[in-house]
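This report is for a reader who is meeting the structure for the first time. Please look at the sequence and the model before reading on.

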Amino acid sequence: MSIANIAVERLNKAFGQRTVLEDIAFEIRAGEMVALIGPSGSGKSTLLRHLVGLTIANRQTGGRVTVMQHDIQCDGRLIRRSRAERCRTGYIFQQFNLVGRLSVMTNVLIGRLGSMPRWRALLGRFSEEERSQARHALARVGLGELAGQRANTLSGGQMQRVAIARALVQDADIIYADEPIASLDPRSAREVMDILKRINAEDGRTVLVTLHQVEYARRYCLRTIALKQGRLYHDGPTAELTDARLQALYDNADLDEMHDASAPNDSPVALGAAG
Ligand SMILES: Nc1ncnc2c1ncn2[C@@H]1O[C@H](COP(=O)(O)OP(=O)(O)OP(=O)(O)O)[C@@H](O)[C@H]1O
């Protein structure tokens, strides 16, 4: 039986007087692919940042984040983790976070730095095995041909696929993707979501992805966590998020803005087909 590999208890966060997260609790099991949705400002990025220890919850409110049996933070205090443990999670951002002047290959190899001996990391000396892993990862995201190209010559969709390849060579058990398709055209967005779904299904890697367009959550994620004004509004099957529930989640937001009419109905990894 798979065990929870992300567990969040009683998470509360205020910035100054402003409460941003209120009593958040959930568990995600190994191998799940979960969407995190909610209106702008509902706390999605802040929640993700808590999971990797970039943001610390309020003190003395009993908040706790545990990832793969290791506490990340407890009661408002960061728990120090080893480099090796940190390497088990990959983070993919909306803005790609590639080094533009370096080659695609080197950007992928950067994913290995955390698990290399320090002297080799400092010298940037990658072994043939690491290069072979990077080539394999690039092939999996469909960019095998572009290994030698500079990263800043790629399209947004290609850059995001390089970021995924980097998480693959990092051998991340958990991939956090914070609005990975927000700045992509619909076709590139589908390609990126297809790849995330594939590495989830084929490798059993856990994926937690924040999304603005509900249509993608419906197509790619069996489970959705929705935040509304910092509170848990929904945690369960995406299929239970009816239009009426979504309308209430987004209040007066235009539903058309959340749906992407160009999302394909024939996606090979559409919701119904996804494991
Ligand atoms: N470091 C910070 N200091 C003060 N306020 C912050 C900080 N980080 C986030 N906030 C506030 O917390 C609230 C939640 O922000 P967050 O970025 O988590 O929302 P979000 O749901 O990810 O929004 P979006 O979809 O627009 O990215 C917002 O009101 C934001 O202004």
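Why does M193 count as buried? M193 has 26 C-beta neighbours inside 10 Å, and therefore counts as buried. The term buried applies when 20 or more other C-beta atoms lie within 10 Å of a residue's own; exposed means 12 or fewer, partly exposed is in between, and C-beta atoms are placed from the backbone.

## Basis of the model

This is a predicted model, in which local features need pLDDT of at least 70, side-chain atom pairs count only at pLDDT 80 or more, and totals for chains, interfaces and linings use all residues. Residues are numbered from 1 along each chain as its sequence is written.

The average pLDDT (the predictor's confidence in each residue, from 0 to 100) is 86 for the protein, and 84% of the residues score at least 70. For the complex, the predictor gives a pTM of 0.88 and an ipTM of 0.97. Over residues 264–275 the pLDDT stays under 50, and the model has 21 contacts beyond four places in sequence for them. Where pLDDT is low, the predicted coordinates should not be read in detail.

## Overall make-up

The protein has 11 strands and 10 helices. Both are DSSP runs numbered from the N terminus: helices are H or I with at least four residues, strands E with at least two. Of the 275 residues in the protein, 40% are buried.

Two residues are in contact if their C-beta atoms, placed from the backbone, lie within 7 Å. Among contacts between residues at least 6 apart in sequence, 68% join residues at least 24 apart.

## Two domains

The protein is divided into domain 1 (1–88 + 173–275) and domain 2 (95–172); such bounds come from an automatic or database domain assignment. Domain 1 gives 18 residues to the contact and domain 2 gives 13 residues. On the side of domain 1 that touches domain 2, at least two residues each come from α2 (83–86), β8 (174–178) and α7 (186–203). The largest share of that side, 6 residues, belongs to α7.

By type, the side of domain 1 that touches domain 2 has 10 nonpolar, 2 polar and 6 charged residues. Here Ala, Val, Leu, Ile, Met, Phe, Trp, Tyr, Cys and Pro count as nonpolar, Asp, Glu, Lys and Arg as charged, and the others, Gly among them, as polar.

## The nonpolar core

A nonpolar core is a set of buried Ala, Val, Leu, Ile, Met, Phe, Trp, Tyr and Cys residues joined through C-beta atoms within 7 Å. The largest one has 70 residues, and V108, V162, I164, A165 and L196 have the most contacts inside it. Helix α6 (residues 156–169) supplies the largest share of this core, 8 residues. Domain 1 and domain 2 both give residues to this core, so the core lies between them.

Not counting residues up to four places away in sequence, I164 touches I92, V141, I195 and L196. M193 lies in helix α7. Leaving aside neighbours within four places in sequence, M193 is in contact with I181, Y216 and Y220. M193 and Y216 are 23 residues apart along the chain, with 7.9 Å between their C-alpha atoms.

## Around the ligand

Which residues are around the ligand? They are F15, V20, G38, S40, G41, S42, G43, K44, S45 and T46; the test is a C-beta atom, placed from the backbone, within 6 Å of the ligand. This shell divides into 2 nonpolar, 7 polar and 1 charged. Helix α1 (residues 44–51) gives the largest share of the shell, 3 residues.

Helix α1 is largely enclosed by the rest of the structure, because 6 of its 8 residues are buried. The buried residues in α1 are K44, T46, L47, L48, H50 and L51. Just after α1, G53 takes a positive phi of about 80 degrees.

## Other single residues

D23 is not a glycine, yet has a positive phi of about 55 degrees. This residue lies in strand β2 (residues 18–29), and D23 is partly exposed, with 15 other C-beta atoms within 10 Å. M68, also not a glycine, has a positive phi of about 50 degrees. M68 is found in the loop between β4 (64–67) and β5 (70–74), and counts as partly exposed with 17 C-beta neighbours inside 10 Å.

Q133 is in helix α5 (residues 128–140). With 21 other C-beta atoms within 10 Å, Q133 is buried.
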